[in-house]
Amino acid sequence: MFVYDEIFDVVVIGGGHAGCEAALASARLGAKTLLITQNLDTIAQMSCNPSIGGIAKGQIVREIDALGGAMGKVTDAAAVHYHMLNTGKGEAVWSPRVQCDKKIYQYTYKHFLELQSNLHIIQDEAKNLVLSDNAVTAVDTLRQTRYRTKTVIVTPGTFMKGTVHIGKLMLEGGRYNDVASNFLSASLKDCGIKIGRMKTGTPMRINGRTVDFSKFTPQPSDNPYTPMSVFNRPQDREFLQCYITRTTDKTAEVLKEHMLESALYSGNIHSIGPRYCPSIEDKAVKFPQNKHHPLFLEPEGLNTEEYYIQGFSTSLPEYVQYELLKSVPGLEKAQIVRAGYAIEYDYADPTCLKASLEVKNISGLFFAGQINGTTGYEEAGGQGIMAGINAALKVQGKEPFVLRRDEAYIGVLIDDLITKGVNEPYRMFTSRAEYRIILRTDNADLRLSGYGLKLGSLPASYAQGFEAYKAAVAKLIKDENAPIEESALSPWSLASARNTAAVHRKYAGYLERNLKEAKALANADKIVIPEGFDVAAVKGILIESSQKLAKIRPSTLGQAGRIPGITPADLQLIAIHIEKYRREKNGIKA
């Protein structure tokens, strides 16, 4: 085996959305970072829909952006269609969604990585983790190379023992035509990680030349539009059109006739798919009263006629997929260029993680993305930037960076994963965030850019503009006509400051109440459960509570309280015993 001569601070396994953000973040913090990916030409590939953002997902992208991540900037570079969702409701739940040119997106992200100092990229496949004294020390690859490292971030997406399903056809693959990673799961199991199986899917892609668009309702881009990154300004650009239609009674008949040919209902697939992004077969079975499901035709790029059909995800045989297309007005003559399919893959139980995304029992090992049971580019990117930051901080001997539920959707996401675990692919929604009035798209920078500047994930050159922007928003909240020197805010804009101040004034009463509740949450999360204190052994708590506490092993009293089934009485007893334990450790008599 060839042992690479350098020792890395951070090795990132996987070049998807989680891996890209992780590698960029750790390198920005000064950590010598290596990204290992099976294929340099599929870095940050949009394996499913060609869009970034959506309900709650757009908020996550803005948070990644505020911390210095790349996803928002890359999205704007590749954008072909902008749309702000939920504008019929209050600004607290407005969510940006952007259609992208898939290839521009992919290669822009790749270029970001190539330009990043402290970051080395290699095309190879991670095969095995090397441990010493329950700490990760190296990664061995398929090409028999050992990369020594102080920390590892595992971000394999759907590639760990991936199996593609089209009807009865079963193929190994992390995506159709991309080889699966068949060794890493076994290595993780050897490390004592609990591994399970999950499923997701994707629809057929069709040639737009064969579509009768006159039978669809067009959805033009927002124009003027709001960029995904707060650091970008609107520009004159070429926009493409999206289209909407619905399935028909004939579609329902085709599905009923061929249901048992679906991999999902033939018995070939045993794992659970995403509840909120079901296949068309799932919709037919679970919502039989609704025969007319919405379909969205989304362009895949500026220089292709390929269209993605959102809402038509399927694992039916290819000939049945043609029958489904014929059942929809406008798609009667549509030609499939890529068949829809389902994919099963291995994931790890996220309750094995600390809030920093480090594995509890293995020092220096971090997980991010779909390995933690999530679905979606945005959820993956949010975990990736946090894992990258925390891996770098660990190498530097600093305290981990953890976002609370009242500070970011990313905080809600990670807290849900490590506290509640998953039994189906996790997708973020605004309804999951109890402080969503605080966690808006317009104020992600005010919430998080201060952290980014302090950590070093956001360039120090932004510091002066950020302080001026904060001061401007505060002035405008008190007086909407306050004079502001716009040039001092760069790269922030005065229009953004005015908008955020107006939204703040609108929600003032609700915000005050939310902030009081958030303060109580923060206080509970400040009560750290000491090392060596067996929270599950506290006398007087319920047996069920004891079992859950033993599994999750919460790090704070606040996290313990968010475990389903833990009662206020349990928490009161735990708090009393924590204080007693501390006093005894410090030799203080009761």
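Reply: What follows goes through the pocket, the cavity and then the packed parts of the model.

This is a predicted model, in which local features need pLDDT of at least 70 and side-chain atom pairs count only at pLDDT 80 or more, while totals for chains, interfaces and linings use all residues. Residues are numbered from 1 along each chain as its sequence is written, and side-chain values use heavy atoms, with hydrogens and water left out.

Rolling a probe the size of a water molecule over the atoms shows where empty space is left. On a 1 Å grid over the protein atoms alone, a cavity is a set of points where a 1.4 Å probe fits but cannot get out; a pocket is an open set with protein on both sides within 12 Å along at least five of seven lines; lining residues have an atom within 4 Å of a point. Grid points are joined across faces, edges and corners, and a volume is the space filled by probe spheres set on the points.

The second largest pocket has a volume of about 1600 Å³. Its lining has 50 residues, and those nearest its centre are Ala355, Pro400, Val402, Ser555 and Thr556. Helices (H or I, at least four residues) are DSSP runs, numbered from the N terminus. The elements giving two or more residues to this lining are helix 9 (377-395), helix 10 (409-420), helix 11 (444-455), helix 14 (508-526) and helix 15 (543-552). Helix 10 gives the most, with four residues. Ala, Val, Leu, Ile, Met, Phe, Trp, Tyr, Cys and Pro count as nonpolar, Asp, Glu, Lys and Arg as charged, and the others, Gly among them, as polar. The lining of the second largest pocket divides into 24 nonpolar, nine polar and 17 charged residues.

There is one cavity of 30 Å³ or more. The largest cavity is lined by Lys199, Thr200, Gly201, Pro274, Cys277, Ser279 and Ser313. Two of the lining residues are nonpolar, four polar and one charged.

Next come the packed parts. A nonpolar core is a set of buried (under 20% relative accessible area, 1.4 Å probe, protein chains only) Ala, Val, Leu, Ile, Met, Phe, Trp, Tyr and Cys residues joined through side-chain atoms within 4.5 Å. In the largest nonpolar core, of 108 residues, Tyr105, Ile193 and Phe367 touch the most other members. Helix 9 gives the most to this core, with nine residues. Apart from this core lies another, of 22 residues, including Ile206, Leu255, Leu325 and Leu331.

How values were computed
Buried < 20%, exposed > 50% of the residue type's maximum accessible area, 1.4 Å probe, protein only.
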